[in-house]
Amino acid sequence: MFAYLVRRLFLMLVTLFGISVVIFFLLRIVPGNIVDILFAAAGYVDPADKANLEKELGIDRPLIVQYWHWISGFLRGDFGYSYVSEKPALQEILPRIPITARLAGLALLFSASIGIPLGVISAVKQGTRLDYALRVVSLSGLSLPSFWLGLLILTAAVAMFGQIPIFNPNPKTWLEAFATYAVPAAAVGFRSAALTMRITRSSMLEVLRQDYIRTARAKGASDAAVNYHHALKNAILPVITVIGIEAAFLIGGLIVTETVFNIPGVARFLVEAIRWRDYPIVQNLVMFIAVVVVFANFTVDMLYAVFDPRIRYTD
Amino acid sequence: MAQKSDIVLEVKNLKTVFFTNSGLFKAVDDVSFTVKRGETLAIVGESGCGKSVTALSLMRLVPDPPGRIVGGSVTLEGTDLLALDETEMRAVRGNRISMIFQEPMTSLNPVMRIGDQIVEAVRLHRNISSKEAQNIAVEMLRLVRIPEPARRAREYPHQLSGGMRQRAMIAMALACRPALLIADEPTTALDVTIQAQILALILDLQKELGTGLVLITHDLGVVAQTAQRVIVMYAGRKVEEASVEALFAAPKHPYTRGLMASIPAVPASGVPAQARLNEIPGTVPSLVRLPKGCAFAPRCKLAIKRCEAEYPPLADWGGGHLAACWRAEEVAEVA
């Protein structure tokens with residue numbers, strides 16, 4: 001187990017290194033840098049000023065040197081300064097993280113707490129009207145992009161209440177916090193919930209055919225015990241995998257949702273930073289997201305062993 | 001004749017049908033039998049003859065849809081199981097009537113500890129603490145002769161061999177001391193040496209606990225070793241019923257005769273081995289399109305015009321030896 005963890009940790013570091021290279025060079029391939037953008041906006045170009053500024057920001061140096069400068073700083077915990085705000089990158093990123101984390105957490109919570117039970121019900125009631133209704137809803141969940149769903153919700157809010165829910169940066173009570181995040185989280189989580197439901201359903205259908213389900217019934221177990229205690233425990237692995245992948249995909253959905261709902265989270269901030277070619281912000285933020293995703297995958301793998309005694313990570 | 005109170009299970013005119021796309025078929029058609037306390041009744045037949053569906057019908061576990069029990073009665077210790085509602089039936093399942101299945105590899109829940117699976121069976125029917133149930137589980141594992149029962153109880157099914165798993169299944173099925181145990185081909189999936197051990201174990205425990213046993217098998221060798229009475233099923237119907245001695249001495253139905261003839265014999269020394277094994281020609285007919293008369297007639301060497309036209313009634317040929325064949329008297333002579 002220990003050797004497995006060490007090997008796993010090493011692989012995670014390799015992955016993160018790969019991501020750092022890709023994001024660094026991708027950003028350099030995108031035409032233009034912050035200086036180009038600033039000078040283009042000013043409508044006047046003095047090549048000397050431009051060169052000075054580039055020198056000041058360090059983006060005139062060879063790429064390999066720039067990369068080394070960034071990554072060695074990153075490893076030391078020095079994340080540099082935002083080109084746009086000239087504040088430390090960490091100071092820009094850190095306050096935005098809890099906002100996005102809450103949003104993502106709530107979206108995942110919705111997707112699991114709604115998707116899994118509905119998937120079980122749909123499988124148990126296979127072929128009934130309820131099953132068909134749930135499958136139609138889940139198909140629509142997969143087909144509606146979250147930004148469009150978000151816009152629909154906002155439009156509906158205007159039509160019904162005459163106002164748009166405003167993001168409240170400092171909720172005072174738990175209820176207020178929930179109210180602030182629930183609607184955008186539902187808009188993002190709808191898709192995940194739909195996917196979770198479909199995977200739960202198909203996984204459950206597979207398990208419900210197994211011999212040990214018949215054994216459980218032969219013991220005299222109730223339907224609820226058979227479905228949740230015996231079947232779901234066996235059917236949950238693919239669902240965990242999907243939720244793990246969804247956790248990573250969520251960031252994509254959050255970018256548009258944060259924009260639509262005007263929420264100052266990291267996802268929207270990332271897009272802003274890309275637009276300005278704000279290298280320190282983009283690079284460090286992407287690395288931060290990568291760390292989260294890599295650890296989410298790791299957690300999912302560890303959860304396999306928790307739910308299935310047949311899976312053991314050995315040396 | 002046995003006293004009425006000695007009868008644990010009485011099945012009368014049981015009918016189970018399946019509704020499928022290709023039509024309705026009668027998986028179990030008008031089957032009756034009784035099992036006495038401590039007695040072993042074997043149900044024999046080829047695959048698809050309705051023996052497993054009969055067993056599932058007794059447990060009321062026939063998957064519905066597509067299957068449904070449409071007639072008859074199943075009386076267990078004086079209670080008609082078919083008249084119970086689902087909640088009442090759950091209180092009976094695993095408690096008064098239990099079942100062991102064919103596949104020990106897949107019949108245990110892979111993500112639950114062996115002990116917990118037995119504990120669940122006990123606590124569903126007995127109002128006792130988890131600790132007491134744990135003790136019973138370990139005790140049951142000891143009873144089915146699993147070495148180090150306390151350690152095995154904490155293990156998962158994949159850590160046990162096929163024979164061990166079947167022992168655990170037996171422990172689970174008997175944990176509540178049921179009046180009737182149904183064993184659906186309990187040894188078919190196991191190695192021959194293990195088969196004998198498991199059969200011996202089931203019989204020992206049956207004797208010890210006084211359980212009635214319905215043993216479903218296609219293996220006449222197993223029947224001869226274990227059962228007191230035998231039912232032979234063909235295409236959903238009971239075609240013959242007799243005591244083991246009577247059946248093996250003089251089978252009355254050509255199908256039973258065919259089954260016996262297909263057991264390969266070990267040739268005596270010096271005698272050349274038989275070139276070809278005996279078989280019953282043809283296959284079991286589709287239950288959707290059963291012939292009008294005797295379902296076995298198309299495969300039967302003795303078939304006459306009457307067999308194809310009329311289904312023979314189950315007639316008593318003396319001493320409770322029942323057979324459904326127009327030419328039952330001639331079967332012994334011909335073969």
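**The sheet in chain B**

A: Keep in mind that this is a predicted model. Chain B has an open sheet of four strands in the order E2-E1-E4-E5, and the pairing is antiparallel.

Q: Which strands stand at the edges of that sheet?
A: Those are strand E2 (23-36) and strand E5 (79-80) of chain B. Each has a single partner strand, so one side of each is left without a neighbour in the sheet.

Q: And how many bridges are there between E1 and E4 of chain B?
A: Eight bridges, in the antiparallel sense, between strand E1 (residues 7-20) and strand E4 (residues 67-76) of chain B.

Q: What stands opposite Val17(B)?
A: That would be Arg68(B), in E4(B).

Q: Which strands does helix H1 of chain B touch?
A: Helix H1 (residues 51-59) packs on the sheet and touches E1, E2 and E4 of chain B. The direction of H1 makes about 70° with that of E2(B).

Q: OK, new topic: how many residues does each chain put into the contact between A and B?
A: Chain A puts in 19 residues and chain B puts in 23 residues.

Q: On the side of chain A, which elements give two or more residues?
A: Two helices of chain A do: H10 (211-219) and H11 (223-260). H10(A) gives the most, with eight residues.

Q: What classes of residue are on that side?
A: The side of chain A that touches chain B has seven charged, six polar and six nonpolar residues.

Q: Back to chain B, what does the domain assignment give?
A: Domain 1 covers 4-227, and domain 2 covers 237-263 + 279-334. Their C-alpha centres lie 28 Å apart.

Q: How many residues of each domain are in the contact?
A: Domain 1 of chain B brings 18 residues and domain 2 of chain B brings 11 residues. On the domain 1 side, the elements giving two or more residues are E2 and helix H9 (220-226) of chain B.

Q: How do the residues on that domain 1 side divide by class?
A: There are 10 nonpolar, four polar and four charged residues on the side of domain 1 that touches domain 2 of chain B.

Q: Last one: what does UniProt list for residues 97-304 of chain A?
A: An unreviewed UniProt entry lists "domain: ABC transmembrane type-1" for them. In the model, residues 97-304 of chain A are 85% helix and 0% strand, with the end C-alpha atoms 28 Å apart.

Conventions: Residues numbered from 1 in each chain as written. Chains lettered and ligands numbered in written order. Predicted model: local features only at pLDDT ≥ 70, side-chain atom pairs only at ≥ 80, totals over all residues. Pairing = 2+ DSSP bridges. Contact = placed C-beta atoms within 7 Å. Axes fitted to C-alpha atoms, helices over the stretch in contact; angles between N-to-C directions. Nonpolar A, V, L, I, M, F, W, Y, C, P; charged D, E, K, R; others polar. Domains from an automatic or database assignment. UniProt positions renumbered as here; feature names shortened; annotations may be inferred.
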